[in-house]
Amino acid sequence: MGALPVFRWRLAPDGYATRRQLRARGLRPGGQDVAAQLERPRRRRGPLVAYLYRVDRAKPVRPMTPARWAALAKANAARRTCPECRRDAGYVIPPTLGTCVPCTYPDPSDSLRSTY
């Protein structure tokens with residue numbers, strides 16, 4: 001396979017799209033190789049590169065099955081469950097904290113009340 005065609009940012013011809021652009025149209029690359037690339041020049045670093053795929057070779061996005069919906073719900077529930085207190089926090093627990101906010105920053109007035 002030869003070198004990929006390189007286009008400047010915003011100057012790609014019709015018929016090419018990035019993964020995000022394909023997804024917005026309800027398509028996926030479908031196993032095809034990268035067809036071209038976009039390069040956006042930057043001042044002090046290398047260019048930003050975006051890979052392009054042929055729209056005519058793209059396939060429709062696979063529909064979500066009940067099993068996939070269940071797996072997604074389970075994964076999201078795991079991201080909301082605090083590993084310390086085992087409660088559903090109601091939000092995705094940030095990886096930087098590792099636990100829910102009440103476990104990370106306990107209220108000192110609560111510990112005083114429980115000792116009396």
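**View A. R80 and its salt bridge to D88.** R80 is partly exposed because its relative accessibility is 26%. Buried means under 20% relative accessible area, exposed means over 50%, and partly exposed lies in between (1.4 Å probe, protein chains only). The model is predicted: local features need pLDDT of at least 70, side-chain atom pairs count only at pLDDT 80 or more, and totals for chains, interfaces and linings use all residues. Residues are numbered from 1 along each chain as its sequence is written, and side-chain values use heavy atoms, with hydrogens and water left out. D88 pairs with R80 in a salt bridge, and the closest N and O atoms are 3.4 Å apart. A salt bridge here is a side-chain nitrogen of Lys or Arg within 4 Å of a carboxyl oxygen of Asp or Glu. D88 is also partly exposed, at 49% relative accessibility. Side chains of opposite charge can pair when their charged atoms come close.

**View B. R54 and its salt bridge to D56.** The count of salt bridges comes to two. In this one, the closest N and O atoms of R54 and D56 are 2.8 Å apart. R54 is partly exposed, with 26% relative accessibility. D56 counts as exposed, at 57%. R54 also has a place in strand pairing: Y16 stands opposite R54 in β5.

**View C. An open sheet of four strands.** The strand order is β1-β4-β5-β2, and the pairing is mixed. β1 and β2 stand at the edges with a single partner strand each, so one side of each has no neighbour in the sheet. Strands (E, at least two residues) and helices (H or I, at least four) are DSSP runs, numbered from the N terminus. Two strands pair if DSSP finds at least two bridges between them. β2 and β5 (residues 48-54) are antiparallel and pair over two bridges. β4 (residues 36-40) and β5 also run antiparallel, joined by five bridges. Within β5, A50 is the residue opposite L38. In a regular strand the side chains alternate between the two faces of the sheet.

**View D. R10, in the loop between β1 and β2.** This loop joins β1 (6-8) and β2 (16-17). Phi of R10 is near 70°, a positive value in a residue other than glycine. R10 is exposed, with a relative accessible area of 76%. R10 also belongs to a positive surface patch, together with R40, R42 and R45. Patch residues have over 30% relative accessible area and no salt bridge; like charges are joined within 9 Å, nonpolar side chains (Val, Leu, Ile, Met, Phe, Trp, Tyr) within 5 Å. Lys and Arg count as positive and Asp and Glu as negative; His and the chain ends are not counted. The place of a charge is NZ of Lys, CZ of Arg, CG of Asp or CD of Glu.

**View E. R86, in the loop between α2 and α3.** α2 covers 66-80 and α3 covers 101-104. Phi of R86 is near 65°, a positive value in a residue other than glycine. R86 counts as exposed, at 60% relative accessibility.

**View F. A nonpolar surface patch of M64, W69 and L72.** Together, M64, W69 and L72 have about 300 Å² of accessible area. Accessible areas come from the Shrake-Rupley method with a 1.4 Å probe; for residues, only the protein chains shown count as cover. L72 sits in helix α2. L72 is partly exposed, at 39% relative accessibility.
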